[in-house]
Amino acid sequence: MERNNLYPIFLKTKNLEVLIVGGGFVAEEKLTFLLKSSPDANVTMVSPFFREGTIELAKKGCVTLVTDSYQKKYLLGRHIVVATTDIPEVNVQVWKDCRAEAKLVNVADNPPYCDFYMGGIVTKGNVKVAISTNGKSPTTAKRLRQFFEEVIPENIDDLVKNLNEYRKTIKGDFEEKVEKLNEFTKSLVEKK
């Protein structure tokens, strides 16, 4: 049976440098979702042109637009790279350059050239849920995201904050604290 072997992580993009190669619709979409999830992300975009929507979006975040064709020099200091051009040869070159420099890279809509996928994300305050379909169906991830946006209550952040305060008052070692928190929160997942 096939399964998803990806390891999910949550990146502090404020502490990282992200490069998006491309300025078309896909680049704008990637930037939109990145900034929606991480408004303080540091992003540089390189493209001979940028959509009007991208230019407006860049003004709202820490986004630098560089009007130029991709060159390897733009990888300098970058941690994560997303290639979104409509020229397959450019995207593959970005992938090759990133592999040579051990940088994480995602070539949009081309799973063999991806170290990571940008899945569906639901954020409610401090709670964030990421959804992956292993690169097989972004549409399914989108629908699951919409489902979770509906079922996760708006006040979930209050619960998280209250549990954090409660956790600080619990006495004992790590195991005892975990046991008490598990007991306290088990009603959240009990089927009625």
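Colleague: What makes Phe148 partly exposed?
Modeller: In this predicted model, Phe148 has a relative accessible area of 28%. Buried means under 20% and exposed over 50%, so Phe148, at 28%, is partly exposed.

Colleague: Why is the pair of Phe147 and Phe148 called edge-to-face?
Modeller: The ring centres of Phe147 and Phe148 are 5.3 Å apart, and rings pair if their centres lie within 6.5 Å. Their planes stand at 70 degrees, and over 60 counts as edge-to-face, so the name applies.

Colleague: Why does Phe147 count as partly exposed?
Modeller: Its relative accessibility is 46%. That value lies between the 20% and 50% limits, so Phe147 is partly exposed.

Colleague: How many aromatic pairs does the structure hold?
Modeller: There are two. One of them joins Trp95 and Tyr113, with centres 4.8 Å apart and planes at 85 degrees, so this pair is edge-to-face.

Colleague: Which parts does the pair of Trp95 and Tyr113 tie together?
Modeller: Trp95 lies in helix 3 and Tyr113 in the loop between strand 5 and strand 6, so the pair links parts 18 residues apart in sequence. Trp95 is partly exposed at 22% relative accessible area, and Tyr113 is partly exposed at 24%.

Colleague: What is the strand order of the open sheet?
Modeller: The five strands run 3-2-1-4-5, with parallel pairing.

Colleague: Why do strand 3 and strand 5 stand at the edges?
Modeller: Each has a single partner strand, so one side of each is left without a neighbour in the sheet.

Colleague: How do you know that strand 1 and strand 2 pair?
Modeller: Five bridges join them, and pairing requires at least two, so strand 1 and strand 2 are paired.

How values were computed
Residues are numbered from 1 along each chain as its sequence is written. This is a predicted model: local features need pLDDT of at least 70, side-chain atom pairs count only at pLDDT 80 or more; totals for chains, interfaces and linings use all residues. Side-chain values use heavy atoms; hydrogens and water are left out. Helices (H or I, at least four residues) and strands (E, at least two) are DSSP runs, numbered from the N terminus. Rings of Phe, Tyr and Trp (its six-membered ring) pair if their centres lie within 6.5 Å; planes under 30 degrees apart count as stacked, over 60 as edge-to-face and the rest as tilted. Buried means under 20% relative accessible area, exposed over 50%, partly exposed in between (1.4 Å probe, protein chains only).
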